[in-house]
Amino acid sequence: MGIQGMELCAMAVVVLLFIAVLKQFGILEPISMEDSSDSELELSTVRHQPEGLDELQAQTKFTKKELQSLYRGFKNECPTGLVDEDTFKLIYSQFFPQGDATTYAHFLFNAFDTDGNGAIHFEDFVVGLSILLRGTVHEKLKWAFNLYDINKDGYITKEEMLAIMKSIYDMMGRHTYPILREDAPAEHVERFFQKMDRNKDGVVTIEEFLETCQKDENIMSSMQLFENVI
């Protein structure tokens, strides 16, 4: 990943890395046309029982068969039906052994753990994934804003964006070509705020974020990269 990739609000990086990890660990396995009865039975007997398929289908843009396939992959990696932050970090450390993925995994975990209870249920996982893969551009951008808004106060500060950029750089930046300089994350943050902070008050609101992103052809093109993954 070069400099241009990180300048696109880290959007493609954030989500495509997540999708790559899911595929690597079999959570996004090909949709099977086999009898679905086993999956429906498993959904009712898992230790932390998720909502029924009908309810999840109503909340997401996945079909019943897609939800069954996602659940099989999720259950294989997470037999208890829950993913805690340590497990999330372990998965990323295995996928990026040459870097430090701890902080990035922490931020991404918090974006999926919408109720802040320290665990990602299958429902959390599949609802978030539905937004990233099948949501409207507006929904995807709101999800990304939530990721960057670390303290969830409705604003993105330079400190928050720098933390996100450094986490991506720590995970894989030192293995990019051309090699990024140590001050590259800070430079990206400055460019981000020059573009996003329309009223120059030192923070980026959701309105500024949405308006700027939707006017940027490169960012809009990056949104299309998430489609047709499963």
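Modeller: Residues are numbered from 1 along each chain as its sequence is written. Since the model is predicted, local features need pLDDT of at least 70 and side-chain atom pairs 80 or more, while totals for chains, interfaces and linings use all residues, and side-chain values use heavy atoms, without hydrogens or water.

Colleague: Why is Gln57 called partly exposed?

Modeller: Buried means under 20% relative accessible area and exposed over 50%, with partly exposed in between (1.4 Å probe, protein chains only). Gln57 has 33% relative accessibility, so it counts as partly exposed.

Colleague: What does Gln57 touch, not counting residues up to four places away in sequence?

Modeller: Phe62, Thr63, Lys64 and Leu67; contact means heavy atoms within 4.5 Å. Gln57 and Leu67 are ten residues apart in sequence, and their C-alpha atoms are 7.5 Å apart.

Colleague: What makes a set of residues a nonpolar core?

Modeller: They're buried Ala, Val, Leu, Ile, Met, Phe, Trp, Tyr and Cys residues joined through side-chain atoms within 4.5 Å. The largest one here has 50 residues, and Tyr92 and Phe209 have the most contacts inside it.

Colleague: Which residues does Phe209 touch, leaving out those up to four places away in sequence?

Modeller: Leu141, Ala144, Phe145, Tyr148, Ile156, Phe192, Met196 and Val204.

Colleague: How many residues of each class line the largest pocket?

Modeller: Five nonpolar, four polar and five charged. Ala, Val, Leu, Ile, Met, Phe, Trp, Tyr, Cys and Pro count as nonpolar, Asp, Glu, Lys and Arg as charged, and the others, Gly among them, as polar.
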